[in-house]
Amino acid sequence: MFNRNDSTSTPSLEEITNSVNNPLWEDFCTYMHQQYHAKPEFTFSKCSWEYGWNIKFKKGSKSLCTVYPRENFFVLMVVIGKKEKDRFENALPSFCDEIRQIYEETKEGNGQRWLMIPIEDDGKVYADAKTIIDWRSK
C-alpha cells in the first residue's frame with residue numbers, strides 16, 4: 001500500500017488500485033480512457049484541504065475531475081463552474097439525493113462549487129458523477 005502523504009515517492013497505478021481496493025476504480029479509469037482519452041496524471045497536493053497524492057483526469061488541457069484515493073473507495077472532485085451552473089441547477093432534481101445534498105452543502109466561491117463525491121459502490125451516485133464529468137467535457 002502506498003503512503004498517500006509521502007511526496008518523495010510517486011505511486012504507481014497498481015499501488016493506487018491495490019490501495020483503493022474497489023473494482024469501480026479500475027472501471028472508472030477504463031471509462032475515462034475510453035470516453036475521453038484521459039489518462040491518470042499523478043500529482044501531489046500540499047493543500048491543507050486535501051493534502052497528499054491525487055489523480056487528475058484531463059481532456060486535452062481541460063480538467064475533468066480529480067480523484068482522491070482512499071482505502072476501499074475513492075472521492076471524485078468535480079467542479080461546477082459558471083458555465084455548468086445553470087444547467088446543473090436546472091437538472092438538480094434528476095440527480096440522486098446524495099448528489100443534491102453534496103451540491104447544497106458545498107459553498108460557492110468565485111462562481112464555482114467543488115463537489116467532493118465519494119464513490120463506494122456502483123449505484124446512482126457513480127452514474128450521476130459520470131454525467132457531471134460529461135458536462136465538464138463539453
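Predicted model: local features only at pLDDT ≥ 70, side-chain atom pairs only at ≥ 80, totals over all residues.

Reader: Noted. Where is Asp 27 found?
Author: Asp 27 is in helix 2, which covers residues 23-36.

Reader: And which residues form the negative surface patch?
Author: Asp 27 is one of them; the others are Glu 98, Glu 120, Asp 121 and Asp 122.

Reader: Switching topic: what does the side chain of Thr 43 make a polar contact with?
Author: With the side chain of Asn 54, at 2.4 Å. Thr 43 lies in strand 1, residues 41-45.

Reader: At 19%, why does Thr 43 get called buried?
Author: Because buried means under 20% relative accessible area, and Thr 43 has 19%.

Reader: Nice. Now the charges: how many salt bridges does a search of the whole structure find?
Author: Seven. One of the salt bridges joins the side chains of Glu 84 and Arg 136, at 3.3 Å from N to O. That pair links distant parts of the chain, with Glu 84 in helix 3 (residues 82-91) and Arg 136 in helix 5 (residues 124-137), 52 residues apart.

Reader: Are Glu 84 and Arg 136 buried or exposed?
Author: Both Glu 84 and Arg 136 are buried.

Reader: What about Lys 85, which side chain does it meet in a salt bridge?
Author: Lys 85 meets Glu 108, at 3.1 Å from N to O. Here too distant parts of the chain are linked: Lys 85 is in helix 3 and Glu 108 is in the loop between helix 4 (97-105) and strand 5 (113-119), 23 residues apart. Glu 108 is partly exposed at 39% relative accessibility, and Lys 85 is partly exposed at 23%.

Reader: Which residues are joined into one network there?
Author: Lys 85, Glu 108 and Arg 113, through salt bridges that share partners.

Reader: Last one: what does Asp 134 form a salt bridge with?
Author: Lys 138, with the closest N and O atoms 3.0 Å apart. Lys 138 is exposed, with a relative accessible area of 66%.

Definitions and conventions: Residues numbered from 1 in each chain as written. Heavy atoms only, no water. Patch = residues over 30% accessible without salt bridge, like charges linked within 9 Å, V, L, I, M, F, W, Y side chains within 5 Å. Areas by Shrake-Rupley, 256 points an atom, 1.4 Å probe, with all protein chains shown as cover. Salt bridge = Lys/Arg side-chain N within 4 Å of Asp/Glu carboxyl O. Lys, Arg positive; Asp, Glu negative; His and termini not counted. Charge placed at Lys NZ, Arg CZ, Asp CG, Glu CD. Helix = DSSP H or I, 4+ residues; strand = E, 2+ residues; numbered from the N terminus. Buried < 20%, exposed > 50% of the residue type's maximum accessible area, 1.4 Å probe, protein only. Polar contact = N/O pair within 3.5 Å; in protein donor to acceptor, adjacent residues only side chain to side chain.
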